[in-house]
Amino acid sequence: MFITLEGIDGSGKSTQAKLLAEALRTQGHDVILTREPGGSKGAEEIRALVLEGDPDRWSPETEILLFTAARRDHLEKTIRPALANGQIVICDRFADSTRVFQGVTRGDLQDKVNRLHAEMIAIEPDLTLLFDMDPAVGLARAKGRQTAEERFEDFGAEFQEKCRAAFLDLARDNARFTVIDASRDIDAIATDALDAVTARLSKTRP
Ligand code: ADP
Ligand code: TYD
């Protein structure tokens, strides 16, 4: 089972990914927790290239290539082997992030993103949890972390508003999504996330 977590910056994905992994492990599942960009040695190296530096360091087209290269390595080295091993893979961001951040927000590049995805990745999650919230709150939370990885946060609030809308559009069009109100406290969100996964697991194993 392949589960992805998506949402704007600061929406609590990393926090919830850890809690979800712990909860599923407590239930006896074999879980791996991974993230994008990154999740394999090569992809972590690409991560530093895309997340650090000036916002205009890369064009959206170059980013599509870099994120897809990182994803391909992550898929080959981490995700496919884990799925083949029967593990539950929880991934903090995946291809929907490219659809939104590169495909929609800085010009209409969706077609290019989807073509490259079909050619090079060609896998969709079984379940995608979308953590939805007001970008102003998310951005304040994300900025509070003080890391060097702020290239996307530096695109500003309007950019994050566009991202939110684009994620909600994807959720409306794809049945694999569950939208979770991420403006609440951590435990309430974690309960909803686990419920969504449990419901999906019971469909696979009746
Ligand atoms: P993301 O991975 O989506 O960027 P994080 O999980 O890193 O988000 O959370 C961003 C910041 O907000 C962290 O400092 C985290 O501790 C805090 N945080 C996460 N979830 C909540 C919540 N429900 N309420 C308040 N703060 C939160
Ligand atoms: P992440 O580390 O998940 O940031 P955060 O914890 O702040 O949400 O992701 C870093 C940034 O990378 C984030 O702003 C979104 C961006 N990103 C893309 O633009 N395209 C992609 O394909 C992925 C996976 C991430």
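Ligand 1 first: around this ligand are Gly10, Ser11, Gly12, Lys13, Ser14, Thr15, Arg141, Arg145, Arg184, Asp185, Ile186 and Ile189, where "around" requires a heavy atom within 4 Å. This is a predicted model, in which local features need pLDDT of at least 70, side-chain atom pairs need 80 or more, and totals for chains, interfaces and linings use all residues. Residues are numbered from 1 along each chain as its sequence is written, chains are lettered from A and ligands numbered from 1 in the order written, and side-chain values use heavy atoms, without hydrogens and water.

Now the polar contacts, meaning pairs of N or O atoms within 3.5 Å. An oxygen atom of ligand 1 is 2.5 Å from an N or O atom in the Thr15 side chain. For Arg184, a polar backbone atom lies 2.9 Å from a nitrogen atom of ligand 1. Alone, ligand 1 exposes 560 Å², and the protein buries 73% of that, by the Shrake-Rupley method with a 1.4 Å probe.

Ligand 2 next. It has 16 residues around it, and Asp9, Lys13, Arg93, Thr98 and Arg145 come nearest. Lys13 has a polar side-chain atom 2.8 Å from an oxygen atom of ligand 2. For Arg93, a polar side-chain atom also lies 2.8 Å from an oxygen atom of this ligand. In the side chain of Gln102, an N or O atom is 2.9 Å from an oxygen atom of ligand 2. Taken alone, ligand 2 exposes 540 Å², of which the protein buries 94%.

Definitions and conventions. A polar contact is a pair of N or O atoms within 3.5 Å; within protein, one must be able to donate a hydrogen and the other to accept it, and residues adjacent in sequence count only if both atoms are side-chain atoms.
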